[in-house]
Amino acid sequence: MCGIVGYVGERDCTEVLLNALSKLEYRGYDSAGIAVFEEGKISVQKAKGELKNLRNKLEEDHKPEGHCGIGHTRWATHGEPSDINSHPHGSKRVSIVHNGIIENYKDIKKFLIGKGYSFVSETDTETVAKLLDYYYNGDPVDAIIKTLSDIRGAYALGIIFKDFPNKIFAVRKDSPLIIGVGDEENFIASDVPAILQYTRKYYLLEENEIATIMEDRVEFCDIHKQEIIKEVNISDLDMDAAEKGGYEHFMLKEIHEQPTAVKTTIAPRIVEGMPNLSECGITEETLKNYRKVFIVACGTAMHAGMVGKYVIERLARCEVTVDIASEFRYRNPIVTPQDLVIVVSQSGETADTKAALHLAHEKGAKVLAIVNVKGSSIAREADMVIYTHAGPEISVASTKAFSVQMAVMYLLAFEMAYAKGEISKERCMELTKKLSDIPELIEKTMECADKCQYVASKLITASSLLYIGRGLDYTLSMEGSLKLKEISYIHSESYAAGELKHGTISLVTDEMPVISVATQEDLLEKMVSNIEEVKSRGAYTITVCKENMEFSEGIMDEIIEVPAVEDVLMPMVTVVPLQLIAYYTTVLKGLNVDKPRNLAKSVTVE
Ligand code: F6R
């Protein structure tokens, strides 16, 4: 989604803004722009498309020279991607960059038109810029406070006023923003990676705190202009982790990072062979008393939640409901203070997941967040947090974050099952040991890469695919299908295998490949029947199954074997070929693996 940067200091501001924006490219965007103070004027340059288009425009047209400015990568919400709709927006006196959505922008626009303002773009952001201009009477903070009282919605704003050529102003609500602290230079950014090349020190801006960023200091106040003193944080984010490190794409690198990510996530949470989540505020005592568990998330994170449901219900015998966050928030769910709501999010900033967390709190439930990005909004607002230690995930398609989310679900399920007396200590230790062995097995699963590449070569001409599975394999087939469609643009559906004959099997022909996930031994016979059904209707069948399985001849066109572990843990290895199939299909189609069209890494709007 949109990215914000800002700089004030001695360096060439335009270069700093472009460098910083390049570190946010992975979030997904469709245009970019900067506003830099140059000889007392605000010089604005914008371009539709990739950051390199903006760079070219600056070279060909005019590259502002200055030491204070703001920049933005935009992911269109109001108005198509275009030069005009790109940020920054403003007037002669003010220029802003904005992440989020202003819900009442139409009313504000109408009001401002009545006051004689005219608008050039279709964006909600321009109304905020013009409203700031309307309220500005020489004091930027006054104008910001008045503007905040009028606007409704989510925002992170970087603002410059023509009269203050050495200052950036920043404020946020429901969208993240940090202030980077350098030596005689300071920054703003929507995400830490943007500033890491310059500094590791940063302030977290809280809701409706107003920051004034100058070269030598940063001042904070609240909306009553009362000064706020804040503590500086130090980021421990690994810069190299945000580079491709010899891999052709971030997605492939992140697939290969899964063994390490899983190990780093689970190792500190295993004490004397037993799962131990006490450092995250979770104890056996609390785990055994919940009436019900809700798991709420979006996309891939929701699929990890579905794995969690199967495992918690199977082992801990506690009822679990999994909800898509955008549905949960509007369905008035029956959540009580006796329930545990688990929100799962790689970014920790997903708007719908955050809203689900707020709803759970309103209903008096405790919220446990499983989050990858440290200090993100969801992590800060939840009652308990289990951080996944996957490191930065840059590719839009989530891979390693999914594996670590599942790993945490297992630890939680084992501990809950033991706390509730559903499994013995020996069994809990046995399962925990098997989970500890998983990283090595994921490594071994990578050996199927060549086979996946071959299968991908058979899929590139398909216009539609089916993924089928039963039980845990069904959740994995959902993840495999999502991964393929989001990056290769090949339509695919995932179906519970037993549901096929209730309608969807009419689609199956020799033009519809079917990928079956068949790793659950108690469901294997049924799965084989379902595969036979699609095979007899002409489908090209690809089956992901445990190693050394024997099947009758002529049913499976391709078999991809993964190491055998206890059924309940199979998703941890099964996901690898599904990710690799999606990856290689996309590479063979010559598409942009890491930045698929229309998608953003962090979905901070509804
Ligand atoms: C798919 C994908 C998305 C995210 C979803 C939630 O590959 O990455 O489906 O899983 O947008 O994002 P987070 O986990 O950041 O809340």
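Modeller: Helices here are DSSP runs of H or I with at least four residues, strands are runs of E with at least two, and both are numbered from the N terminus. Counted that way, the protein has 18 helices and 27 strands. Keep in mind that this is a predicted model.

An N or O atom in the side chain of S345 is 2.6 Å from an oxygen atom of the ligand. The backbone takes part too. At T300, a backbone N or O atom lies 3.1 Å from a ligand oxygen atom. At V396, a backbone N or O atom is 3.3 Å from an oxygen atom of the ligand. The cut-off for such a pair is 3.5 Å.

How much of the ligand does the protein cover? On its own, the ligand has 410 Å² of accessible area, and the protein covers 89% of that. The space the ligand takes is the second largest pocket.

Step back to the whole protein. The C-alpha trace spans about 80 × 55 × 45 Å along its principal axes. Is the overall radius of gyration in agreement with a compact globule, or in disagreement? It agrees, because a compact globule of 606 residues would have a radius of gyration near 25 Å, and the protein has 25 Å.

Two backbone details deserve a check while you have the model open. Most residues other than glycine have a negative phi, and most peptide bonds are trans. The bond joining H87 and P88 is cis, with omega about 0°. P88 sits in the loop between β4 (68-74) and β5 (89-90). K225 is not a glycine, yet K225 has a positive phi of about 65°. Look for K225 in the loop between β13 (218-221) and β14 (227-228).

Key:
Residues numbered from 1 in each chain as written. Predicted model: local features only at pLDDT ≥ 70, side-chain atom pairs only at ≥ 80, totals over all residues. Heavy atoms only, no water. Polar contact = N/O pair within 3.5 Å; in protein donor to acceptor, adjacent residues only side chain to side chain. Areas by Shrake-Rupley, 256 points an atom, 1.4 Å probe, with all protein chains shown as cover. 1 Å grid on protein atoms, 1.4 Å probe; cavity = no way out; pocket = protein on both sides within 12 Å on 5 of 7 lines; lining within 4 Å. Sits in = over half its atoms within 2 Å of the grid points. Rg over C-alpha atoms; globule rule 2.2 N^0.38 Å.
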